[in-house]
Amino acid sequence: MVPFDPDATLLKIFTDPETISDPYPLYAELREHAPIFKTELVGRWVFTRFDDARALLRDPRCGSGAGLTDERVSLDGTKRKVRSGTLPMLMLNPPDHTRVRGLVARSFTPRRVEKLRPEVEQMCDDLLADLGGEGDFVGSVAFPLPANVISALVGVPAEDREYLRPLIYDLTVGIEQTASPEDLAAAEVSGAKLTEYLQDLVARRRAEPQDDLLSGLIQAAGGEDMLTESEVLVNTSLIYAAGFETTTHLLGNAVRQLVAHPDQLELLRNDRSLIPQAIEEVLRYDPPVQVDGRHVFEDIEIGGVTIPAGSST
Ligand code: HEM
């Protein structure tokens with residue numbers, strides 16, 4: 001019998017278009033034959049079972065490795081420069097993470113999101129009306145909606161949102177494991193344009209604050225402590241990068257799964273109170289984010305395997 005090769009399986013999951021659209025049978029093989037292994041592809045430890053992954057992600061001895069190295073190796077061996085300078089909160093560890101997240105949370109509140117409801121409902125109605133009952137749901141609705149919602153949240157004027165959308169798109173493609181050197185170059189250029197735009201908007205909001213997230217981030221204070229200008233900029237870009245593609249794919253996956261499961265669609269049509277539950281189920285069943293990682297700061301033991309300090313997962 002040919003021995004199971006977890007690296008070949010992993011490579012297929014990330015690079016073979018057919019597998020990307022349905023990786024679940026290969027995930028099952030990995031869970032069965034290779035629950036925890038160190039991949040030779042990028043030298044990282046891989047955890048394929050839910051309980052082990054959850055233990056790792058929640059372990060306080062693990063965190064972000066950003067800032068420890070200035071390059072990151074993609075699955076195809078491509079090396080990419082890791083961001084330097086002010087890091088967004090996603091790349092920080094406590095106590096820096098705790099400080100920035102606390103300041104951001106003062107302004108990024110459920111109340112602020114709830115206030116957007118009428119505007120978001122209007123955006124959905126308009127995009128669905130343009131789609132006209134059939135067509136490319138991802139291109140016409142799932143793609144423009146999240147970028148416009150985040151722009152509304154941040155406080156980007158409606159007339160500037162078209163300009164920002166392709167920039168945000170380039171930025172998120174640049175985060176993918178499979179990003180090509182051209183993608184990375186486009187992400188760099190678009191990231192710089194987005195920062196330039198936001199710098200100008202920060203200056204305008206500083207002069208004349210509005211009831212929007214950006215004004216809130218500029219003013220957010222915990223005692224004497226406030227976010228610096230570059231912290232405001234990198235964390236606003238993070239909110240775009242983190243909130244845009246994830247939601248686009250959630251919407252696309254949800255529609256795809258409902259079309260594939262007409263009985264579930266029927267249930268939702270008859271009882272809209274099931275919608276929040278259905279969204280949770282799509283996030284579990286066919287999630288938009290399928291990989292996450294940690295740097296291991298101290299030796300840890302998970303699933304009977306010791307992962308040495310200094311490892312990446
Ligand atoms: C279906 C939608 C979404 C999914 C699946 C998702 C998933 C994730 C994941 C996996 C992480 C990393 C968690 C970790 O490593 O511990 C994360 C972090 C983050 N996400 Fe999302 N996300 C979604 C939507 C959003 C939206 C809409 C926003 C903002 C508008 C957002 C903002 C953030 C931020 C700011 C972080 C960093 C949090 C921190 O470092 O404390 N995400 N998200």
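**Figure 1. Helix α13 gives the largest share of the shell around the ligand, seven residues.** The model shown is predicted. The shell holds 17 residues in total, and His97, Arg101, Gly243, Asp292 and Arg294 come nearest to the ligand. By type, the shell residues split into 10 nonpolar, four polar and three charged.

Figure 2. Two elements, α5 (96-107) and α13 (229-260), each give two or more residues to the ligand shell.

**Figure 3. The domain assignment of the protein gives domain 1 and domain 2.** Domain 1 is made of two segments, 1-64 and 294-313. Domain 2 covers 71-245. Their C-alpha centres are 29 Å apart.

**Figure 4. The largest nonpolar core has 41 residues.** Val154, Val156, Leu164, Leu214, Leu227, Val232 and Tyr240 have the most contacts inside this core. Helices giving two or more residues to the core are α5, α7 (117-131), α8 (137-142), α9 (144-154), α10 (161-173), α11 (181-207), α12 (213-219) and α13. The top contributor is α13, with seven residues. In soluble globular proteins, nonpolar side chains tend to be buried together.

**Figure 5. A close-up of the contacts of Val232.** Which residues does Val232 touch, leaving aside neighbours within four places in sequence? They are Val202, Leu214, Leu217, Ile218 and Leu227. Among these partners, Leu214 and Leu227 are also listed with Val232 as residues with the most contacts inside the largest nonpolar core.

**Figure 6. Helix α9 is mostly covered.** How many of the 11 residues of α9 are buried? The count is 10. The buried residues are Pro144, Leu145, Pro146, Ala147, Asn148, Ile150, Ser151, Ala152, Leu153 and Val154. Their cover includes α6 (110-115), α7, α8, α10, α12 and α13. Val154, buried in α9, is also one of the residues with the most contacts inside the largest nonpolar core. Gly155 follows α9 and has a positive phi, near 105°.

Definitions and conventions:
Residues numbered from 1 in each chain as written. Predicted model: local features only at pLDDT ≥ 70, side-chain atom pairs only at ≥ 80, totals over all residues. Heavy atoms only, no water. Near = heavy atom within 4 Å. Helix = DSSP H or I, 4+ residues; strand = E, 2+ residues; numbered from the N terminus. Nonpolar A, V, L, I, M, F, W, Y, C, P; charged D, E, K, R; others polar. Domains from an automatic or database assignment. Core = buried A, V, L, I, M, F, W, Y, C linked by side-chain atoms within 4.5 Å. Buried < 20%, exposed > 50% of the residue type's maximum accessible area, 1.4 Å probe, protein only. Contact = heavy atoms within 4.5 Å.
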